[in-house]
Amino acid sequence: MQIKNKSVLVLGGAGLVGRAVCREFLSRDPSRLIVSSLRAVEIEETLADLAREFPGRAARLSGVHGNLFVREELKDASRGDLMGDAGHRRAILEDTLLPLTDDVLARSFVHRVLTEQRPDIVVDCVNTATALAYQDLYRSAADILDHLDAEHGVETFRAALERHLCTLYTPQLIRHVQILYKALCAAGTGAYIKIGTSGTGGMGMNIPYTHSEERPSRMLLSKSAMAGAHTMLLFLMARTPGGPIVKEIKPTAAIAWKRIGFGPVTRGGQPIVLHDCPPADAVDLETSPDLGASRPYRGDGGEVLRSVYIDTGENGMFSRSEFEVLTSLGQMEFVTPEEIARIVRFEVEGVNTGHDVVNALDNACMGPTYRAGLLRQRALERLAALEREHGVASVAFEMLGPPRLSKLLFEAEILRRTRRTAEHVLADGPGALSEAALDLVTREAGFRSEMISIGVPILLPDGRRLLRGPQVVIPTPWDDAAVTPEAVDRWAEDGWVDLRPENFRRWQARFRKIEEDKAALPPDAWSSRDDRPASYWDEGPEINIGRTVGWLFISEEQGLRMKA
């Protein structure tokens, strides 16, 4: 894709890699460049620096700030504020753990940014894996155990439990990717490039740099786990028709550097305050089992640590010696932000760099095989022979999901049993089809029992009465179970066998579309062009319910597999 005259959104654009990406893309003359970052001050500094470097393009620069993982009203709240407020915790839990609805999308900050800016290209430099894993699930779990052991009050336990649920990494990652995908599609974005991470700077489980006495620490491994899970979700995004081009660049080395200098050394954005403990004030370990953590220390707190440092951006400041160890041959070594940015630009422009992880997974994954395709027909023939031998129809067991699959298969089977062929389905009115279906379900108790026993109820033609067993798959536990006409329509669409005339009118439209597709093909079409020539449908006189619903999932459900 050409970058010139395209709009570019850089998520995490104020960071070390983000700024390098901004500079690299500005050199290609985009129509707009929007920088996103967590804090307003970061946006102001980044835009000012870019305007100085690219004075002729300053008017094309804009910025937006806030937390991309929460709803818009919470975008400027700190993590402490979010966890400290019961209403905020409830909002996070609803947006993360409950079903994805239009309301969740509408209030999402990242969704609003993408749909308002409508960028042609998105480069995501946010260190998502770190942002999620460093919420520290293990500490919140320890807090829960402490509350259980100490038997604190209900309200304090409730708050601790809510905080713990708010740190669950996987639901947060899944919801973020779900919203991101829908937002990219709604915005009409053409390319989405993620700057990912391995979590360990390219090292293995022998990494000597850790966050606790464990080697490696659970939190560091959580970061790597989230990085891997994120890659697989992007892999699925890339295999979804109608979405943007999806790529991921995954540096596996330390990333450095932003600047080298002398001055105050900061950690977590705050200067390290100098304290002192002369030998005369040494902690007596026999009398101070808490290691003296609560005792006062000498020093007025006015002085801070000042030294020579190398600033590596999000990874913090390192001393000369720390940097030398980290980047020495055989350790993390390092890669520069500019090299990463150049690879991103190459991939957007269509240059195959060999560094796109999503494409690498595509090439490495094992897909469908020629042998399996040949054996499939043998398996289907054996299944059909067993059906004839035992006098049964093997329709659906509700093992695969969604329940809509079972519902559609049983509805197609009802049409096969009552009308046999698509031609006969189209020859009757919807009311007659509905009456015949009711008669079949009334007469054949075994067939009726199969449906309701796997959790798929049967909605009778009047739309008011339901045949059901002890379990129903739809509505789900998440649904509002209030029975309204709208809810009945939704549940019937999702997972009820629907005997109402209007549903059979839909089935007639489906068979009519199949006939139109067949008629559009030339009678002698035997090339490799068509997956489903007329002969595909004409192998037998009866409706083939598996073929019919397979076609429906592709044409109506938009469930086409992109890549073999």
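A residue counts as buried under 20% relative accessible area, as exposed over 50%, and as partly exposed in between. Leu165 has a relative accessible area of 31%, so this residue is partly exposed. The model behind these values is predicted.

Leu165 sits in helix H9, which covers residues 154-165. Together with Leu97 and Leu161, Leu165 forms a nonpolar patch on the surface. The three share about 190 Å² of accessible area.

Now step back to the whole chain. The protein has 564 residues, and 41% of them count as buried. Its fold holds 23 helices and 16 strands. The C-alpha atoms fill a box of roughly 95 × 60 × 45 Å along the principal axes. The protein exposes about 30,300 Å², with 54% supplied by carbon and sulfur atoms.

Charge comes next. There are 68 positive and 79 negative side chains, and the centres of the two sets lie 4 Å apart. Side chains of opposite charge can pair when their charged atoms come close. Across the whole structure, 49 salt bridges are found.

Take Lys247 and Glu347. Their closest N and O atoms are 3.0 Å apart. Lys247 lies in strand S6 and Glu347 in helix H13, so the pair ties together parts that are 100 residues apart in sequence. Both residues are buried.

Asp76 and Lys75 also form a salt bridge, at 3.2 Å. Asp76 is exposed at 52% relative accessibility, whereas Lys75 is buried at 13%.

Arg345 and Glu349 meet in another salt bridge. Arg345 is buried at 8%, while Glu349 is partly exposed at 28%. Elsewhere, salt bridges that share partners join Arg404, Glu493, Arg506, Arg510, Glu556 and Glu557 into one network.

Note on methods:
Residues numbered from 1 in each chain as written. Predicted model: local features only at pLDDT ≥ 70, side-chain atom pairs only at ≥ 80, totals over all residues. Heavy atoms only, no water. Helix = DSSP H or I, 4+ residues; strand = E, 2+ residues; numbered from the N terminus. Buried < 20%, exposed > 50% of the residue type's maximum accessible area, 1.4 Å probe, protein only. Areas by Shrake-Rupley, 256 points an atom, 1.4 Å probe, with all protein chains shown as cover. Lys, Arg positive; Asp, Glu negative; His and termini not counted. Charge placed at Lys NZ, Arg CZ, Asp CG, Glu CD. Patch = residues over 30% accessible without salt bridge, like charges linked within 9 Å, V, L, I, M, F, W, Y side chains within 5 Å. Salt bridge = Lys/Arg side-chain N within 4 Å of Asp/Glu carboxyl O.
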